[in-house]
Amino acid sequence: MNSHRHDARYPAAGGDPVQVVTELWCEVLSLPEVNPSDNFFDLGGHSVLLHAVQEGLRARLGREVPLVDLFQYPTVRALAAHLAEPAGADGTGPAPGGRLARVEAGRRRGPAEPFAPASRHDEEDEDW
């Protein structure tokens with residue numbers, strides 16, 4: 001396994017997420033600097049490069065970050081805030097009870113008032 005986890009170039013797990021993400025994006029995108037509000041895709045990033053970001057986060061933070069999270073949090077600031085949340089028991093984040101869990105719980109509750117189904121209008125009832 002080719003892991004940078006013990007490489008002195010990378011901070012130990014728990015390093016500043018903004019700094020970790022910024023340095024990683026500079027490396028992956030071959031840019032001299034990246035601002036916290038920059039969007040990965042606006043900087044030239046694409047889905048294939050997200051795999052390099054995912055591997056870099058695993059090496060630097062010792063944490064699995066699902067690709068969907070990298071799409072969902074496309075700025076340095078948003079991804080760093082997400083990474084700052086405690087990881088779940090399986091090593092991925094966020095832990096149960098985090099922001100995503102609250103969103104999912106809201107989805108399960110459903111709408112406050114059920115909507116009435118639209119009335120069906122068949123063509124055979126139509127007077128032509």
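A residue counts as exposed when its relative accessible area is over 50%, as buried when that area is under 20%, and as partly exposed in between. A84 has a relative accessibility of 53%, so A84 counts as exposed. The structure discussed here is a predicted model. Its protein chain has five helices and zero strands, in the order α-α-α-α-α along the sequence.

**The chain as a whole**

- The protein chain has 128 residues, and buried residues make up 33% of them.
- Among contacts in the chain with a separation of 6 or more, 51% are between residues 24 or more positions apart.
- The accessible surface of the chain is about 8700 Å². Carbon and sulfur atoms account for 53% of that surface.

**Confidence in the prediction**

- The average pLDDT of the chain is 74, and 56% of the residues score at least 70.
- Over residues 1–13, pLDDT stays under 50. The model has 14 contacts beyond four places in sequence for this stretch.

**The nonpolar core**

- The largest nonpolar core holds 19 residues. The members that touch the most other members are V21, W25, V53, L57, L70, L79 and L83.
- The largest contribution is that of α1, which gives seven residues.
- Leaving out residues up to four places away in sequence, V21 touches L57, V76, L79, A80 and L83.

- In α4, the buried residues are V76, L79, A80, H82 and L83.
- These residues cover an arc of only 160 degrees around the axis, so they lie on the same side of α4.
- R77 and A84 are exposed on the other side of α4.
- A84, which lies in helix α4, is 67 residues from P17 in sequence. In space, the C-alpha atoms of A84 and P17 are 6.5 Å apart.
- R77 is 42 residues from N35 along the chain, and the C-alpha atoms of R77 and N35 are separated by 8.6 Å.

**Aromatic rings**

- A pair of aromatic rings is described by two values, the distance of the centres and the angle of the planes.
- There are three aromatic pairs in the count for this model.
- One of them is F41 with F71, whose centres are 5.6 Å apart and whose planes are at 15 degrees. Planes under 30 degrees apart count as stacked, so the pair of F41 and F71 is stacked.
- This pair links distant parts of the chain, 30 residues apart. F41 is in the loop between α1 and α2, while F71 is in helix α3 (residues 67–72).
- F41 has 28% relative accessibility and therefore counts as partly exposed. F71 is also partly exposed, because its relative accessible area is 43%.
- Ring pairs join W25, F40, F41 and F71 into a cluster. W25 is also listed among the core residues that touch the most other members.

**The loop between α1 and α2**

- S30 lies in this loop, between α1 and α2. Its phi is near 55 degrees, which is a positive value in a residue other than glycine.
- The relative accessibility of S30 is 64%, so S30 counts as exposed.
- N35 is in the loop between α1 and α2 as well. With a relative accessible area of 40%, N35 is partly exposed.

**A position in helix α3**

- V68 is located in helix α3. V68 is exposed because its relative accessible area is 54%.
- V68 and L50 are 18 residues apart in sequence, and their C-alpha atoms are 9.8 Å apart in space.

Key
Residues are numbered from 1 along each chain as its sequence is written. This is a predicted model: local features need pLDDT of at least 70, side-chain atom pairs count only at pLDDT 80 or more; totals for chains, interfaces and linings use all residues. Side-chain values use heavy atoms; hydrogens and water are left out. A nonpolar core is a set of buried Ala, Val, Leu, Ile, Met, Phe, Trp, Tyr and Cys residues joined through side-chain atoms within 4.5 Å. Buried means under 20% relative accessible area, exposed over 50%, partly exposed in between (1.4 Å probe, protein chains only). Helices (H or I, at least four residues) and strands (E, at least two) are DSSP runs, numbered from the N terminus. Contact means heavy atoms within 4.5 Å. Rings of Phe, Tyr and Trp (its six-membered ring) pair if their centres lie within 6.5 Å; planes under 30 degrees apart count as stacked, over 60 as edge-to-face and the rest as tilted. The arc is that of the directions from the helix axis to the C-beta atoms. Accessible areas come from the Shrake-Rupley method with a 1.4 Å probe; for residues, only the protein chains shown count as cover. pLDDT is the predictor's confidence in each residue, from 0 to 100.
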